[in-house]
Amino acid sequence: MVINTMLQKTFVVFCVPLLLAVCAKPPSPRLELALGTVCTVNLFEGGNAQLYSDIFSRIQEIDRTMTAFSEEFSDIIAINKQAGIEPVQVRDDLIAVLETALYYAALSGGAFDPTIGPLVTLWGIGTDSQRIPGDAEIAAALALVNWRDLVIDREAGTVFLRRAGMALDLGAIAKGYAGDEAARIAREGNVQRAIIDLGGNIVAVGSREAAQNGTEALPWRIGVQNPLDERGASIGVLWVHNASVVTSGVYERYFVSDEGKHYHHLFDPANGYPAENGLLSVTIVTESSTIADALSTVVFVLGFEYGKAVIDSIPNAEAIFVFDDCRVIITDGLIGFFMITNDAFTLDL
Ligand code: AMP
Ligand code: MG
């Protein structure tokens, strides 16, 4: 029901994998480390060295502006340093990303919160200082997490965190924004077909093969990561045209305690712990990569029931929920566009 119009516009499915017989000469993908991950860009017809270089410069610029960890100058670090002191002048694109983040914070009742920084630093997941903090430490960090205390002044071009100790963290949305920017540059360079993969955040530009002589365009085939297996192993495949496919999952960054419990990097601001709701991953499919990225975190933290209600309320957005009992649920608009390829998982319709 939800995305019938999008289905016509954005997705076309074919019954059998028919993508291998594609005639275009495969280009060489380019690879760089940025945004804390491996970024791969594959431009098909029309791709050239200048375009690759423009795309990676832009991705690196977004990394420098929006990372919370870089030793180099970052607007985010500047805002965090001036928390409780004074507003900081920042780049326009950061204002736009923060406004999007605030929109999803409000929409999710704070399950998604761009001021999650103090909690992320306290747990240190994926860093040398990762550990299970004490209750008092968690309470102290949580007291500094509140998106309502993030003040954006678009006219003045400034951002302010009202209380000292607050800290922005755009880890849940920056890669998505970088994906949209990379796709924009590719399209402006007249590239009709491209795959942009920023550490598993995928933007599929155009179609795997363009429509010709009355035949329909062939869709891209995108694997959905198996949260229980090594990177690259998939539970199933999605067929898409012009879409972003973004996953939030417990496997991305985590550590295992001495008791064998997994602690992952997606925090529930309601209690300060990694969200525990039976989900292993949530994949969002929608046109904008920024929105897909924000929604993947929103929905993971909200859990299946509320998360699905959010997705059902947004036109042209779809989701794949993978549960810890290996059940998989997809939203209606993906029926016919997603197929399980791993027997350990079952589609629960
Ligand atoms: P993603 O993989 O897009 O879901 O982003 C995960 C990253 O977002 C984490 O590594 C943190 O930097 C940040 N994060 C964790 N929990 C939240 C939350 N509840 N709201 C916003 N950002 C979060
Ligand atoms: Mg996200």
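The questions and answers that follow concern a predicted model.

Biologist: Which protein atoms are the donors of the magnesium ion (ligand 2)?

Modeller: In this predicted model, an atom counts as a donor if it is an N, O or S atom within 2.8 Å of the metal. The protein donors lie 2.2 to 2.5 Å from the magnesium ion (ligand 2), and the residues that carry them are spaced A-x120-D-x3-T in sequence. The donor atoms are A172 (O), D293 (O), D293 (OD) and T297 (OG1).

Biologist: How many residues apart are A172 and T297, and where in the chain does each of them lie?

Modeller: A172 sits in the loop between β5 (158-161) and α7 (174-188), while T297 belongs to helix α8 (residues 289-302). The pair therefore links distant parts of the chain, A172 and T297 being separated along it by 125 residues.

Biologist: Are A172 and T297 buried or exposed?

Modeller: The test is the relative accessible area, and a residue has to fall under 20% to be called buried. By that criterion A172 and T297 are both buried.

Biologist: What is the orientation of helix α2 (residues 49-66) to α7?

Modeller: Here the packing angle is about 155°, and the axes of α2 and α7 are 9 Å apart. Since the limit for this class is over 145 degrees, α2 is, relative to α7, roughly antiparallel.

Biologist: Which residues make the contact of α2 with α7, and how do they divide by class?

Modeller: α2 passes α7 in a right-handed crossing. On the α2 side the contact involves L51, D54, I55, R58, I59, I62 and M66, and on the α7 side A174, Y177, A178, E181, A182, R184, I185 and A186. Divided by class, the residues of this contact are eleven nonpolar, no polar and four charged.

Biologist: Why does D149 count as buried, and which residues is D149 in contact with?

Modeller: D149 lies in the loop between α6 (135-142) and β4 (150-153). Its relative accessibility is 13%, and because the cut-off for buried is under 20%, D149 counts as buried. If neighbours within four places in sequence are left aside, the contacts of D149 are F160, L161, R162, R163 and M166.

Biologist: What is the phi of N242, and what is the phi of N316?

Modeller: Most residues other than glycine have a negative phi. N242, in the loop between β9 (234-240) and β10 (243-249), counts as partly exposed at 32% relative accessibility, and N316, in the loop between α9 (304-313) and β16 (318-323), counts as partly exposed at 25%. Neither is a glycine, yet phi is positive in both, with a value of about 40° for N242 and near 65° for N316.

Biologist: Is I314 buried or exposed?

Modeller: I314 is found in the loop between α9 and β16, and its C-alpha atom is separated by 29 Å from that of L228, 86 residues away along the chain. With a relative accessibility of 17%, I314 counts as buried.

Biologist: Which residues does D268 touch, not counting residues up to four places away in sequence?

Modeller: D268 lies in strand β13 (residues 267-268). D268 and V298 are 30 residues apart in sequence, and their C-alpha atoms are 9.9 Å apart in space. Beyond its sequence neighbours up to four places away, D268 touches Y273, P274, A275 and V301.

Methods:
Residues numbered from 1 in each chain as written. Chains lettered and ligands numbered in written order. Predicted model: local features only at pLDDT ≥ 70, side-chain atom pairs only at ≥ 80, totals over all residues. Heavy atoms only, no water. Donors = N, O, S within 2.8 Å, 3.2 Å for Na, K, Ca; no water. Helix = DSSP H or I, 4+ residues; strand = E, 2+ residues; numbered from the N terminus. Buried < 20%, exposed > 50% of the residue type's maximum accessible area, 1.4 Å probe, protein only. Axes fitted to C-alpha atoms, helices over the stretch in contact; angles between N-to-C directions. Parallel < 35°, antiparallel > 145°, perpendicular 65-115°, else oblique. Left-handed = near helix turned anticlockwise from the far one by under 90°. Contact = heavy atoms within 4.5 Å. Nonpolar A, V, L, I, M, F, W, Y, C, P; charged D, E, K, R; others polar.
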